[in-house]
Amino acid sequence: MERPTSTTSHQEHTIPSHPAPRGRALGRGSWPEASRIASILRRETVGGALLLVATVIALVWANSPASDLYATVRDTRIGPAALHLDLTLGQWAADGLLAVFFFVAGLELKREFVAGDLRDPRRASIPIAAAFGGVLVPALIFLLFTRGDSTAMAGWAIPTATDIAFALAVLAVISTHLPTGLRTFLLTLAVVDDLIAITIIAVAYTSSLALVPLLLALVPLALFAVLVQRRVRSWYLLVPLAVITWALVHASGIHATVAGVLLAFTVPVIRSARNGGPDAGPGLAEHFEHRLRPLSSGFAVPVFAFFSAGVTVGGLSGLGASLSTSVTLGVIVALVAGKTVGVFTATWLMARFTRADLDDELSWTDVLGVSMLAGVGFTVSLLIGELAFGPGTPSDDHVKVGVLLGSLLAALLAAVVLRLRNRVYRRICEAEALDEDQDGIPDVYQRDGR
């Protein structure tokens, strides 16, 4: 389809005295990308519901008369000791199942920057800056609360992550219709958060490093890369190589979830020229993502939540004792206030210094609501808590209380703000659903010149 001629752009070229047009922040992207994002978020919403159910079951069980049975199941060891894989079920969930989660996150991140709307630096800059703001400010707030306690300060990265599945489950519960621009912003923010988190895990929470297993891991990783670059999809070839890579990374002392991201980054996003190129349909990365996302959001993350969220609070007295610790208070304030301030401020600064206006249909209240929703940190926050303090330690239990309460409070505050704007969101979503011209071509194509 030929690119439509724009009268406005013609005038801008012929009258140089006019100021340069300002960009748009948090606007709708291309129609194919918006449709793909919507499909992803629908699946994540289902996963978020399962995540909530698993969390509630774990909390109820861990605080019931059968709490000892919960602990026994979680701490049951299985696996070959000779390969240093005699792990508890809780460790298998954190080290093994979350590797699937990070593999899918890595595929999504690579696809966004290679073939998605975020390959445009102007679109990518704002959510990336928001993600970094949402990491820096909460970390500083946590360090402020735990200053003077070197042991507690080790958990500085706990409140830096955003759990997209949990956040979307909250939106589903309050029946809020976020416009495409805000949904894309939230998803990108969460995915970049995950990448930052896995980098922090690899760098800051690797206490000892065994070089031999790490170097050996490069062999199956390279073979996996060669096969996927040749567009091989045979599971009986790829899965064993992925498992060997994961096991060797685990043996090296680096958290095994890093292997998931490394494997994901080797998968090609765009079809080869021999197979029709980028216009011939989804590439291998999207194929893998489509196959594995249900496993990740529907099984891996809920099972991890089940084994990680089961903290025995000990009634009101135990809850009060936990709330008196710097770790719990630091996590709560960092998630609720730190995420909001970090994400909102970074977004505002980027919009100001890049001269980008918000989309006409949105306001800064909407950005505030999404910034609050970014404070829903769960899966990765619990994982970092275990890495920082050790599973089952008192500090780890305090982290769980802080993450649960902080995420709940952030969700409630976000729900209030976003519900106030839900009538506007509903109108925008209805317009997006009917956004077609008389020829059946989405207007977003016309607007973006695609």
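The following questions and answers concern a predicted model of a protein.

User: How are the residues numbered, and what limits apply to the predicted model?
Analyst: Residues are numbered from 1 along each chain as its sequence is written, and side-chain values use heavy atoms, with hydrogens and water left out. In this predicted model, totals for chains, interfaces and linings use all residues, side-chain atom pairs count only at pLDDT 80 or more, and local features need pLDDT of at least 70.

User: How many helices and strands does the protein have?
Analyst: Helices (H or I, at least four residues) and strands (E, at least two) are DSSP runs, numbered from the N terminus. By this rule the protein has 19 helices and four strands.

User: What percentage of the 450 residues count as buried?
Analyst: Buried means under 20% relative accessible area, exposed over 50%, and partly exposed in between, with a 1.4 Å probe and protein chains only. Of the 450 residues, the share that counts as buried is 51%.

User: Is Phe-306 buried or exposed?
Analyst: Phe-306 has its place in helix H12, residues 284-308. Its relative accessible area is 17%, so Phe-306 is buried.

User: Which residues are in contact with Phe-306, leaving aside its neighbours within four places in sequence?
Analyst: Contact means heavy atoms within 4.5 Å. With those neighbours left aside, the residues in contact with Phe-306 are Ala-54, Ile-57, Ala-58, Trp-61 and Tyr-70.

User: How many aromatic pairs are found, and what type is the pair of Trp-61 and Phe-306?
Analyst: Rings of Phe, Tyr and Trp (its six-membered ring) pair if their centres lie within 6.5 Å; planes under 30 degrees apart count as stacked, over 60 as edge-to-face and the rest as tilted. A search of the whole structure finds eight aromatic pairs. Trp-61 and Phe-306 lie 5.9 Å apart, centre to centre, with 45° between the planes, and this pair is tilted.

User: Which helix holds Trp-61, and how many residues separate it from Phe-306?
Analyst: The pair links distant parts of the chain, with Phe-306 in helix H12. Trp-61 is in helix H2 (residues 31-62), and the separation is 245 residues.

User: Why is the pair of Tyr-70 and Phe-306 given its type?
Analyst: Tyr-70 counts as buried, at 2% relative accessibility. The ring centres of Tyr-70 and Phe-306 are 5.6 Å apart and their planes are at 75°, so the pair is edge-to-face.

User: Which residues do ring pairs link into a cluster?
Analyst: Phe-306 pairs with Trp-61 and with Tyr-70. The cluster linked by ring pairs consists of Trp-61, Tyr-70, Phe-306 and Phe-307.
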